[in-house]
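Keep the structure in view as you read.

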Amino acid sequence: MAKIKIKLTKSLIGRSDKQIKTANSLGLRKIGDAAEHEEGPVLDGKLRVISHLVTTER
């Protein structure tokens, strides 16, 4: 499977608990943090929750 690079571009301050926990589960804690994950349906769902806070590269 392909890898997707995810970078946190907006702050988690004031976001819902669900969005904060989703970002933390991807390894994103501070602005500028980046992580690389395998593509899949679980990752697609997580990215849908925080799509407005991150940028992705395939």
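Thr22 counts as buried, because its relative accessibility is 11%; buried means under 20% relative accessible area, exposed over 50%, and partly exposed in between, using a 1.4 Å probe and protein chains only. You will find Thr22 in helix H1. Beyond its neighbours within four places in sequence, Thr22 is in contact with Lys46, Val49 and Ile50, where contact means heavy atoms within 4.5 Å.

Gln19 sits in helix H1 too, which covers residues 17-25. At 16% relative accessibility, Gln19 is also classed as buried. With neighbours within four places in sequence left aside, Gln19 is in contact with Val49, Ile50 and His52.

A word on how to read all this: the model is predicted, so local features need pLDDT of at least 70 and side-chain atom pairs count only at pLDDT 80 or more, while totals for chains, interfaces and linings use all residues. Residues are numbered from 1 along each chain as its sequence is written, and side-chain values use heavy atoms, with hydrogens and water left out.

**The whole chain**

The protein has two helices and three strands. Their order from the N terminus is β-α-β-α-β. Helices (H or I, at least four residues) and strands (E, at least two) are DSSP runs, numbered from the N terminus.

The radius of gyration of the protein is 10 Å, which agrees with the value near 10 Å for a compact globule of 58 residues. That radius is taken over C-alpha atoms, and the globule rule is 2.2 Å times the number of residues to the power 0.38. Along the principal axes, the C-alpha atoms fill a box of roughly 35 × 20 × 15 Å.

Of the 58 residues, 28% count as buried. Among contacts between residues at least 6 apart in sequence, 70% join residues at least 24 apart.

**The nonpolar core**

In soluble globular proteins, nonpolar side chains tend to be buried together. Which residues touch the most other members of the largest nonpolar core here? They are Ile6, Leu26, Leu28 and Val54, out of 13 residues in that core. The elements giving two or more residues to this core are S1 and H2, and S1 gives the most, with three residues. A nonpolar core is a set of buried Ala, Val, Leu, Ile, Met, Phe, Trp, Tyr and Cys residues joined through side-chain atoms within 4.5 Å.

Look at Val54 for a moment: leaving aside neighbours within four places in sequence, Val54 is in contact with Ile6, Lys7, Leu8, Thr9, Leu28 and Leu47.

**Salt bridges**

How many salt bridges does the structure hold? There are two, a salt bridge being a side-chain nitrogen of Lys or Arg within 4 Å of a carboxyl oxygen of Asp or Glu.

| Salt bridge | N to O distance |
|---|---|
| Glu38 and Lys3 | 3.6 Å |
| Glu39 and Arg58 | 2.6 Å |

Glu38 lies in strand S2 (residues 34-38) and Lys3 in strand S1 (residues 3-8), so this pair ties together parts that are 35 residues apart in sequence. Glu38 is partly exposed at 38% relative accessibility, and Lys3 is partly exposed at 42%.

Glu39 and Arg58 form a salt bridge that links distant parts of the chain, 19 residues apart: Glu39 is in the loop between S2 and helix H2 (41-49), and Arg58 is in the segment after strand S3 (54-57). Glu39 is partly exposed, with a relative accessible area of 28%, whereas Arg58 is exposed, at 71%.
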